Amino acid sequence: MKKHINEIINVSNEIYNKGLVSGKAGNISKRIKGSTGDIVAITPTLKSLSYLKEEDIVLVDMDGNLLTRGKPSSELNMHLEIYKKRSDVNAIVHTHSTYATGFAFSSKKLKRLEGFGEIKNPYLNSIEYFKPGTSELAKNASEGIKNEDVLILKNHGVICVSDKLKEAKLLSIFVEESAKTQFVTCMLNSVED
Ligand SMILES: [Zn+2]
């Protein structure tokens with residue numbers, strides 16, 4: 001378990017240092033599959049991802065029962081619902097990264113640029129606004145990400161999922177870079193030669 005916890009701490013530091021989360025925003029989890037049931041390790045509520053310690057990471061079972069001390073992220077239900085709907089997903093990274101979230105607050109959709117795999121939909125999937133921490137957000141986010149690895153939460157942020165935490169992290173970096181590219185393109189197109 002220690003190596004999973006350390007991986008979460010390292011990824012938390014990395015995405016904080018890259019500016020994908022700020023203050024006390026954002027949350028990360030990992031599912032550890034076991035013969036007696038899965039365990040989810042998740043970042044805590046009301047703590048910055050920049051200075052987490054081993055004892056800050058909270059362990060819960062798939063019903064959200066606490067297995068350790070501490071208070072899990074307020075988005076725990078969203079993480080659990082996603083794991084329940086996606087047996088292939090073992091890691092979730094939720095950020096409020098500036099450019100991607102800027103699109104989420106605007107009427108502009110984020111294009112699915114090259115690198116997101118097969119283009120089934122020209123835009124990244126998004127869902128309407130639901131209050132953070134609510135069961136409505138958990139239900140709709142897990143539904144919205146059923147067939148995708150990225151989901152834009154309107155007026156809120158981004159969720160990236162993968163089998164591995166490293167991959168979910170890379171995806172969240174890639175989403176932000178894609179949003180930057182699209183933003184720069186929009187700006188350049190609006191300037192006369
Ligand atoms: Zn959030």
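Which residue of β3 stands opposite I39? The residue in that position is D61. The structure is a predicted model, in which local features require pLDDT of at least 70 and side-chain atom pairs count only at pLDDT 80 or more, whereas totals for chains, interfaces and linings use all residues. Residues are numbered from 1 along each chain as its sequence is written.

Helices (H or I, at least four residues) and strands (E, at least two) are DSSP runs numbered from the N terminus. Seven strands form an open sheet with mixed pairing, in the order β3-β2-β1-β4-β7-β6-β5; two strands are taken to pair if DSSP finds at least two bridges between them. Strands β3 (58–61) and β5 (126–127) are the edges of the sheet, each pairing on one side only. Strand β2 (residues 39–42) runs antiparallel to β3 and is joined to it by four bridges. In general, the strands of a sheet pair through backbone hydrogen bonds, either parallel or antiparallel.

Helix α5 (residues 165–189) lies across β1 (27–32), β4 (91–95), β6 (150–153) and β7 (157–162), and runs at about 145 degrees to β7. Axes are lines fitted to C-alpha atoms, for helices over the stretch in contact, with angles from 0 to 180 degrees between N-to-C directions. Helix α3 (residues 98–105) packs with α5 at an angle of about 65 degrees, the axes being 7 Å apart. In this packing, Y99, A100 and F103 of α3 meet V175, E176, A179, K180 and F183 of α5, contact being defined by C-beta atoms, placed from the backbone, that lie within 7 Å. The residues of the contact of α3 with α5 comprise six nonpolar, no polar and two charged.

Within α3, the buried residues are A100, T101, F103 and A104; a residue is buried if 20 or more other C-beta atoms lie within 10 Å of its own, exposed if 12 or fewer, and partly exposed in between. These residues lie on the same side of α3, because they cover an arc of only 150 degrees around the axis, the arc being that of the directions from the helix axis to the C-beta atoms. The elements that cover them include β6, β7 and α5.

F130 is located in the loop between β5 and α4 (135–144). With 19 other C-beta atoms within 10 Å, F130 is partly exposed. Residues up to four places away in sequence not counted, F130 touches E136, L137 and N140. F130 and K108 are 22 residues apart in sequence, and their C-alpha atoms are 19 Å apart in space.

Notes
Contact = placed C-beta atoms within 7 Å. Nonpolar A, V, L, I, M, F, W, Y, C, P; charged D, E, K, R; others polar.
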